[in-house]
Amino acid sequence: MKIYGKKRALEALGRFAASGRMPHALLLCGDEGTGRRTLADYIAMMYMCGSQTDGRPCMSCNTCRRIAEHIHPDAVDATAEVNRIYESMTPPKNHVKALRIFIADCSKMPNDGDVRVIIFEGLDNMTVLEQNTLLKCIEEPLEFNKYVFTASNKTLVLQTVLSRVVTLNVDDAGKADFIEAMADNGIAPGRADELYGLCGGNIGAALHLEESGGDIPYRAAAAKAADAVASGREYDCLEAMLALKTREEIFDALGVLSDIFAAAAAAKSGRPVTGAFAEQSGKISSRLGLKAITRLHGEAVKLYGLSFTNPNVKLFAAECCSRLFGAVDNRQEN
Ligand SMILES: [Zn+2]
């Protein structure tokens, strides 16, 4: 197990360890793919490792190794455990009831040592009732129980819960850490660079993308639509946009398209075109006039703002194409 980046969170944890005051409940806030679960495992090691140096777990002893492999009986994947209880219930099944059974189980002493680390992923996906059920454990925690939660969206976590946990932000990795993580996963530097362009510093998203062998749908659609605009092939543009399945995807594709048009306009005034869509921006810049490109950009930005007002995804995709090509068709100048 290796931790990439997460400097702020690790520094805060280091301070807790140095003062001998590890919180009994932590919330790791960050996007999916930023390594929140890995950090949760690391925190479990901080609580349990017997060979620490300056508050840092050794990450290689038997305890640390079992935590990293998710086979330590006292580093509990609570989400999976509650689901297991739920599945084994005789109907009527009930998530809150399953959660209560799990919590009751946690009042027993830990198996191995003197501490149990209970990891709940996706606190923001829990209902108000479930969060309220958890509140009791973190308000009056048993001495041997420590809680680590993860969430993407803090606004969906109850204020009463937030006030009883210490929140740490889990950031995307910086570029150097990102490239190192890619190298450790056998990804060549050139490709790692491309992935950084596509995913920012989100290592999990990049690895997922690489494993799935594909491109992110909205980025692929935006690239194809931009190519179609540059070559005047309206049908190709329609095909690209219709491949998108949700309003969010169209919204994201329009965001990329407006960036491509903006870069194409900048290229008209001699600025170099760089980045993941340099090819598309370059083509548009060389084939269309500045006024047409400016209209295209304006149209993409307008459509971007309309993404969530049109309830029909297919109709809206078609409208996007027709309005983009409408913007190009006005070009007689230049
Ligand atoms: Zn250790």
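This is a predicted model: local features need pLDDT of at least 70, side-chain atom pairs count only at pLDDT 80 or more; totals for chains, interfaces and linings use all residues.
Some ground rules: local features need pLDDT of at least 70, side-chain atom pairs count only at pLDDT 80 or more, and totals for chains, interfaces and linings use all residues. Residues are numbered from 1 along each chain as its sequence is written, and side-chain values use heavy atoms, leaving out hydrogens and water.

**The zinc site**

Four cysteines hold the zinc ion through SG, at 2.3 Å: Cys-49, Cys-58, Cys-61 and Cys-64. Donors here are N, O and S atoms within 2.8 Å of the metal (3.2 Å for Na, K and Ca), and since water is not among the atoms, sites may look incomplete. Along the sequence the donor residues follow the spacing C-x8-C-x2-C-x2-C. Angles between the 4 donor atoms run from 102 to 119 degrees, so the arrangement is tetrahedral (four donors with all angles between 85 and 135 degrees). For reference, the ideal angle for four tetrahedral donors is 109.5 degrees.

| Residue | Relative accessible area |
|---|---|
| Cys-49 | 7% |
| Cys-61 | 17% |

**Helix H4**

Next comes helix H4, residues 78-88, whose buried residues are Ala-78, Val-82, Ile-85 and Tyr-86. Helices (H or I, at least four residues) and strands (E, at least two) are DSSP runs, numbered from the N terminus. Down the H4 axis, these buried residues fall within an arc of 100 degrees, so they line one face; the arc is taken over directions from the helix axis to the C-beta atoms. Glu-87 and Ser-88, on the other side, are exposed. The cover over the buried residues includes strand S2 (75-77), helix H5 (95-105) and strand S3 (116-120), where contact means heavy atoms within 4.5 Å.

Conventions. Four donors count as tetrahedral if all angles lie between 85 and 135 degrees; four count as square planar and six as octahedral if opposite donors are over 155 degrees apart and all others between 65 and 115; anything else is irregular. Buried means under 20% relative accessible area, exposed over 50%, partly exposed in between (1.4 Å probe, protein chains only).
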